[in-house]
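Trainee: I've got a new structure to look at. Can you walk me through it?
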Amino acid sequence: MNNIVSIAVKEIKHDFRDRRTLLFMLAFPIVLMLILGLALTNAFSSNVKLGEMKVLVKDTSHGGPLADAFTSFTAELKKSDIHFETIKKGVNGLEEIRQNRYDGYMELTDSGISLYGNNQSAIEGNVIEGMLKAFTDKYNAVSAVAKVEPAKVSQLFVPSASANGSYIKETSVNANRQPGSMDYYAVAMSVMIGLWGAMSAGRLIRSEIVQGTAPRLVATPVRRSELFAGKVLGSIVQNFLCVLIVVLFSKFAFGAYWGEHLGIALLILLSEVVMSVSLGLGVSYLFKGKASTGILLLFVQLASFFGGAYFPVSVSGTDMANYIVLASPIRWANHALTELIYGQSSVFSAAWPAISLNLGLAVLLLAVSAVFMRRKEGL
Amino acid sequence: MNVLDIRGLTKKFGNFIAVDNISLSIREGEIFGFLGANGAGKSTTINMIASLLRPSSGEILILDRDIAKQSRFAKMNLGMVPQDLAIYEDMTSYENVSFFAGLYGLRGTELKDRTEEALQFVGLADKAKSYPRDFSGGMKRRLNIACALAHKPKLIIMDEPTVGIDPQSRNYILNSVRKLNEDGCTIIYTSHYMEEVEEICSRIAIVDHGKIIAEGTKEQLTATITDMKDIRIEVKSLTDVPADQLRLIPGVRTVRLDEMEPVIRIHSDAAVDNLNRILKELIASGAEIRSVEEQEPNLETVFLTLTGRNLRD
Ligand SMILES: Nc1ncnc2c1ncn2[C@@H]1O[C@H](COP(=O)(O)OP(=O)(O)OP(=O)(O)O)[C@@H](O)[C@H]1O
Ligand SMILES: [Mg+2]
């Protein structure tokens, strides 16, 4: 046990004396957080105050299911300060929009609905467009029903207690707290640094060989399992300390929001560090020499990029990019932390999947490393 | 008592046999020298003794105990100075020695005292708080030795501890080796510097192609080759020396020109009287002779005779 601690302490000392480690693990993420967090403030601001919105409507349809549905749609939206006005004779709707007298202009015909927006009120325009899209999606679903059972159609558009405001919700005017850019990057950078632990762990064994200290270590009476355990422990502590510093810095210096359960958030990050260190070690046993460093660097960079370290990524659709996104450990941790900080689900259900996935992978990778270590001569 | 016994030791790397069926015993209190050219198998042998490599076959006993069966005992009694520097550049001298000593189970004040003692011993006490990255080659070599001493091993193995350092540091290290020996340590010393081995070792093994081809004290080894002689001719300049012609003279085995002095060294069969012919050839070529000397055979002669090669080419 003493030996494990001595070796762990040596590893930690080594890393904190290395200026490159400090630069990469501390200065880089903090600076990046500052730059991205400040530069992209607008892209993230979701709490723009939306005043009353006015939409001009021109109905040239001759009744029918679409018109009926639209009527109930507009009626429902009145409650949320979006007012629909029917156009007067002789007024040009497009001109009204151009003059910025309305936030949107809709033309309802028998064949469908057209929406015109206004550049000067882009956000309002987006909201209206989003709601209209939600409406048409619902309508299309309903019209499929209509073909079979026309009688039920009107019922589907009757505002019920549960359906109340459902259009609005889908346009993301969410009552809950949303991350600002600094909040987002505080999480993203901390998670990224957690994964970078794989890089330093990948060098744990190799560095002893390169420095020439491997023979001397093997010549001591310390068992290789102790050496291994000490190195893993040291690397986990050192990398987690870096993550912790980044988290605390973002919280107290930049005022980033870390939610109500900082302890659990740190636990998620710790599990990520454990997984990363195991990954680095495993890869360094599987691929000899410099190749392992290259593979880890590539993996960490791709995972950072696709996992949302530099910009948010969405996971909808089914194209190739999304598989990459899902395969990024950064994505799991990001997702778990976002759920934990902003989500409504319980702390346990937010944190547990990521933690168990990380620890499970770590056990697997360490086992692989141990098998390879036993077969090797020397370190 | 034998500190080390090696029986039928062999190491293969694939099909290549690096160490070939070596047997050897080293008694307590010896400074035992391993002499051999590059690639002879010195480090491979030593690395097996230090449990860094697994023997392909054969046995190694340290203080009469098999190291394969009692590895901890063997390691506790062994101090290893690897051929390549084995120190952490980003830890101070003190931290380096103390870290390794700690892995041998030393704790607390004992650890502190032994660490200081080891640094003192190699003359680095005033550099305890300095980082080896700022050290000269000689200082690094000395620290490399200190890291093997703090746990007071019975047997210390030094694999070329003086490679690439200044004469002053080399003398310091050679004196340290003698002092360690006087304090009761048994030492295995490898080198391809003939003079060092001649100077400090009480017994020497000459290793070539993985085999021990001769073993004994310096006197025993040189006594085996009465049939050879070494001629040392000092000249004004080496430019006119007809080395190729000299090599054709009957009896002459090798001719070496030493730029530093400048000196011609000729290794020849003792039975052939060829000194006159050699001198005649030199005079004819216009070389100006300063002195001629026939030397006692030394380890270099032994090596040359046994292997047909110079130790360092
Ligand atoms: N791990 C290895 N794999 C394959 N061959 C090896 C390995 N280690 C050593 N050898 C070979 O074994 C032979 C003996 O090497 P060794 O290092 O023991 O020589 P040495 O006598 O210490 O030489 P030097 O004076 O250069 O240190 C060399 O030919 C070397 O190339
Ligand atoms: Mg060697």
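Trainee: How many residues of chain B are in contact with chain A?
Mentor: 32 residues of chain B touch 26 residues of chain A. Keep in mind that this is a predicted model.
Trainee: And how much area do the two chains bury between them?
Mentor: About 2,400 Å². Carbon and sulfur atoms hold 54% of it.
Trainee: Which three residues of chain B supply more of its buried area than any other three?
Mentor: B:Leu52, B:Tyr88 and B:Leu103. Together they supply 26% of the area that chain B buries against chain A.
Trainee: How many salt bridges are there between chain B and chain A?
Mentor: Two salt bridges. One pairing is B:Glu95 with A:Arg17, at 2.8 Å from N to O.
Trainee: Which element of chain B gives the most to that side?
Mentor: α3(B), with four residues. In chain B, α2 (71-76), β6 and α3 each supply at least two residues of the side that touches chain A.
Trainee: What about polar contacts between the chains, how many residue pairs?
Mentor: 10 residue pairs, counting those with both residues at pLDDT 80 or more.

Trainee: New topic. Which protein donors does the magnesium ion have?
Mentor: B:Ser43 through OG and B:Gln83 through OE1. They lie 1.9 to 2.1 Å from the ion, which is ligand 2.
Trainee: Where do B:Ser43 and B:Gln83 lie in chain B?
Mentor: B:Ser43 is in helix α1 (residues 42-49), and B:Gln83 is in the loop between β6 (78-81) and α3 (93-102). So the pair ties together parts that are 40 residues apart in sequence.
Trainee: How accessible is B:Gln83?
Mentor: B:Gln83 is partly exposed, at 29% relative accessible area.
Trainee: What does UniProt list for residues 4-234 of chain B?
Mentor: The record lists "domain: ABC transporter" there, in an unreviewed entry. Over those residues the chain is 33% helix and 30% strand. The end C-alpha atoms are 44 Å apart.

Trainee: Now B:Lys42. Which residue does it form a salt bridge with?
Mentor: B:Glu160, with the closest N and O atoms 3.9 Å apart. The pair links distant parts of the chain, 118 residues apart. B:Lys42 is in helix α1 of chain B, and B:Glu160 is in the loop between β7 and α6.
Trainee: Are B:Lys42 and B:Glu160 buried or exposed?
Mentor: B:Lys42 is buried, at 5% relative accessible area. B:Glu160 is buried as well, with a value of 5%.
Trainee: What about the phi of B:Glu160?
Mentor: Positive, about 45 degrees, although B:Glu160 is not a glycine. Most residues other than glycine have a negative phi. B:Leu63 also has a positive phi, of about 50 degrees. B:Leu63 sits in the loop between β4 (57-62) and β5 (65-66) of chain B. It is buried, with a relative accessible area of 12%.

Trainee: Back to salt bridges. Which residue does B:Glu116 pair with?
Mentor: B:Lys112, with the closest N and O atoms 3.6 Å apart. B:Glu116 is partly exposed at 36%, and B:Lys112 is partly exposed at 42%.
Trainee: And where do B:Glu199 and B:Arg178 lie?
Mentor: B:Glu199 is in helix α7 (residues 194-200) of chain B and B:Arg178 is in helix α6, so the pair ties together parts that are 21 residues apart in sequence. Their side chains meet in a salt bridge, 2.9 Å from N to O.

Trainee: Where is B:His151?
Mentor: In the loop between α5 (137-146) and β7 (155-159) of chain B. B:His151 counts as buried, at 11% relative accessibility. Its side chain reaches the backbone oxygen of B:Leu78 at 2.9 Å. Beyond its close sequence neighbours, B:His151 has contacts including B:Met76, B:Tyr104 and B:Arg114.

Trainee: Last one. Which residue caps the N-terminal end of α11(B)?
Mentor: B:Asn298. One of its side-chain oxygens lies 3.1 Å from the backbone nitrogen of B:Glu300. The buried residues of α11(B) include B:Leu299, B:Val302 and B:Phe303. Just after the helix, B:Gly308 takes a positive phi of about 75 degrees.

Terms used
Residues are numbered from 1 along each chain as its sequence is written. Chains are lettered from A and ligands numbered from 1 in the order in which they are written. This is a predicted model: local features need pLDDT of at least 70, side-chain atom pairs count only at pLDDT 80 or more; totals for chains, interfaces and linings use all residues. Side-chain values use heavy atoms; hydrogens and water are left out. UniProt positions are given in the numbering used here, feature names are shortened, and annotations may be inferred rather than shown by experiment. Donors are N, O and S atoms within 2.8 Å of the metal (3.2 Å for Na, K and Ca); water is not among the atoms, so sites may look incomplete. Buried means under 20% relative accessible area, exposed over 50%, partly exposed in between (1.4 Å probe, protein chains only). Contact means heavy atoms within 4.5 Å. Buried area is the accessible area (1.4 Å probe) that two parts lose on being put together, summed over both. A salt bridge is a side-chain nitrogen of Lys or Arg within 4 Å of a carboxyl oxygen of Asp or Glu. A polar contact is a pair of N or O atoms within 3.5 Å; within protein, one must be able to donate a hydrogen and the other to accept it, and residues adjacent in sequence count only if both atoms are side-chain atoms. Lists of a residue's contacts leave out its neighbours within four places in sequence.
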